[in-house]
Amino acid sequence: MIVRDSAKAVTDAVGAVVVGRDRALRLTLAAVLAGGHVLLEDVPGLGKTLLARSLAGAIGLEFARLQCTPDLQPADVTGSFVFDPTEREFTFRPGPVFTGLLLADEINRTPPKTQSALLEAMQERQVTVEGRTFALPRPFHVLATANPVEYEGTYPLPEAQLDRFLLRVEIGYPPAEDEVEVLRRRLERRKEETTVEPVVDDLAALQAAVEQVDVDPDILRYCVDLARATRDHPSVEVGASPRGSQALLLVARALAVLDGRDFVLPEDVKECAVPALAHRLTLRPETWSSGATGIEVVTELLGSVPGPAGARA
């Protein structure tokens, strides 16, 4: 398949720069092919920003980085009207959100008012400034990073904002062999900077191809059963909404394409279940205080919710 070959070219190009991040890269690429946004969440120094910048270069999207800080204002995201003395009128100056791929670095360091400036952009692919609406370029994707271990000077993302992310992906520490490889490649480059040249000419065409993937009715039901099971779990106060079951379906189709198939398997849904659902759950206070997480809840449900019996194998 053309999409599979293009996806392999992307993963090879990014993998030449980002070492030992195959799972995170696969899920992030699948989310982009599915038309969604990704929250990369883990401790500093694990290559979240490098992965986002390299992926943008490989898929040929215009890239902009927004460094989130406590004093960042909504206009710093969306843009604003400024007075043009030559024309003697106010003209709109676009903000960094007018790009193909926006990296919102350390998004939890900016206050909720500014975080909300991204809501309309992420959901509607447009921004409204002073009553006027401006369409964003297509394709448009947000890759945001967050540091989950620091609390001072941070603002946790509200549920409505988290729900706009198709996936939340954890990076994790690399194995020792991969960490050695990172150092070896740094010595070979003899410089800090890395570059990734575009290997995809038309991302929109690849995304359109994903829409042609066939999905068995039993797979649809499995996606719904998993999402509904989160609502009935005793540890969960608020479960995944229908947007959660839709996230399972969209990413599962993209994963099928990455594997060269034009149909979805139950394994595709299982592969993306944790990153697609865990961040959409609000745990009960007594559960949260005990140290339990949404990841554990979804993992448990994957072992208890029956899979489709009549799906294509």
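Analyst: Helix α10 passes α12 in a right-handed crossing (the near helix is turned clockwise from the far one by less than a right angle; helices are DSSP runs of H or I with at least four residues, and strands are runs of E with at least two, both numbered from the N terminus). The model is predicted, so local features need pLDDT of at least 70 and side-chain atom pairs count only at pLDDT 80 or more, while totals for chains, interfaces and linings use all residues. Residues are numbered from 1 along each chain as its sequence is written, and side-chain values use heavy atoms, with hydrogens and water left out.

The axes of α10 (residues 217-232) and α12 (residues 266-277) come within 11 Å and cross at roughly 30 degrees (axes are lines fitted to C-alpha atoms over the stretch in contact, with angles from 0 to 180 degrees between N-to-C directions). α10 is therefore roughly parallel to α12, a term for angles under 35 degrees. From α10, Ile 219, Tyr 222, Cys 223, Leu 226 and Thr 230 meet Pro 266, Val 269, Lys 270 and Leu 277 of α12, contact meaning heavy atoms within 4.5 Å. These residues divide into 7 nonpolar, 1 polar and 1 charged (nonpolar covers Ala, Val, Leu, Ile, Met, Phe, Trp, Tyr, Cys and Pro; charged covers Asp, Glu, Lys and Arg; the others, Gly among them, are polar).

Terms used: Angles under 35 degrees count as roughly parallel, over 145 as roughly antiparallel, 65 to 115 as roughly perpendicular and the rest as oblique.
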